[in-house]
Protein chains: 2
Amino acid sequence: MPKASFMDTAICEAELAAERGEVPVGAVLVNENRIIAADGNRTLELNDPTAHAEILVIRRAAEILGSERLPGCDLYVTLEPCPMCAAAISFARIRRLYFGASDVKSGAVENGVRYFNDATCHHAPETYSGIQAETSSEILRRFFAARR
Amino acid sequence: MPKASFMDTAICEAELAAERGEVPVGAVLVNENRIIAADGNRTLELNDPTAHAEILVIRRAAEILGSERLPGCDLYVTLEPCPMCAAAISFARIRRLYFGASDVKSGAVENGVRYFNDATCHHAPETYSGIQAETSSEILRRFFAARR
């Protein structure tokens, strides 16, 4: 299964999040080339400020695999992770991170605190950015334009 | 109720975490001078890398109050928050943060990425550090010494 398909699934999850009125970000957790968790942002629905797409799939995968560490797992997410999600990715020992759009305002990988480059980050995933970035950006742009 | 009592409760939660074999950190979420959530670290028990004490009490308080934002709430935690917890504190719009021991290795408030001072942090709580710090440090020291 080509990697683009995993990001396609993450993009679908972002679109489903938009339909629920949530900031449209989607994430997919892959283990041994199989999706084991896919979800979108649900902070409003769950009344949970931590319910970003990445946190939801990491928690579900850890539950399924019965471990707080996911060293063989790769994460696909449509937007650059924030500091909360970047640290969770590090704690979970995620192997590879693929993300779409860059987030100048709130990102913590290429922007902001650049957590994976900090001395207090004790595991950094291999990171690949800009994957189908334009599609993910467009979903976010459309969502915020509709709310104005 | 003097503020020291809230930190005393957080310290009790840290001690309970140690008894469960978890890294001993405890947190208490206070709303209108009443504790609405208190818990300790449960990452091993729950197989959840995000189950830090702060995240658990924020999630529970948000559930109880029916809102992803907790603007009237104060958080007491025995150890300086990591980037995951610092960002969750910011997203939840926590009013005041009181913490005990400083965490040179993994903290994100006075150490590391100093998230609340970064331009990508859009809400920073009033922060008070060093509250009963020696007690919290000693619980951590004893825990790690016993594991060696």
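I count two strands as paired if DSSP finds at least two bridges between them. Strands (E, at least two residues) and helices (H or I, at least four) are DSSP runs, numbered from the N terminus. The model is predicted: local features need pLDDT of at least 70, side-chain atom pairs count only at pLDDT 80 or more, and totals for chains, interfaces and linings use all residues. Residues are numbered from 1 along each chain as its sequence is written, chains are lettered from A and ligands numbered from 1 in the order in which they are written, and side-chain values use heavy atoms, with hydrogens and water left out.

**Chain B**

I looked up β3 (residues 73-79) of chain B and found it parallel to β4(B), joined by five bridges. B:Val77 has B:Phe99 in β4(B) as its bridge partner. With helix α3 (residues 83-91) of chain B, β3(B) and β4(B) form a right-handed β-α-β unit; right-handed means that, with the strands pointing away from the viewer, the path from the first strand over the helix to the second runs clockwise.

I then checked the cover of β4 (residues 96-101) of chain B: five of its six residues are buried (under 20% relative accessible area, 1.4 Å probe, protein chains only). β4(B) also pairs in the parallel sense with β5 (residues 126-128) of chain B, over three bridges. There, B:Arg96 has B:Glu126 in β5(B) as its bridge partner.

**Chain A**

I read the strand order of the open five-stranded sheet as β2-β1-β3-β4-β5 (chain A), with mixed pairing. Its edge strands, β2 (34-40) and β5 (126-128) of chain A, each pair on one side only. β1 (residues 26-31) of chain A is antiparallel to β3 (residues 73-79) of chain A, over five bridges. A:Ala27 lies opposite A:Val77 in β3(A).

Terms used: Buried means under 20% relative accessible area, exposed over 50%, partly exposed in between (1.4 Å probe, protein chains only).
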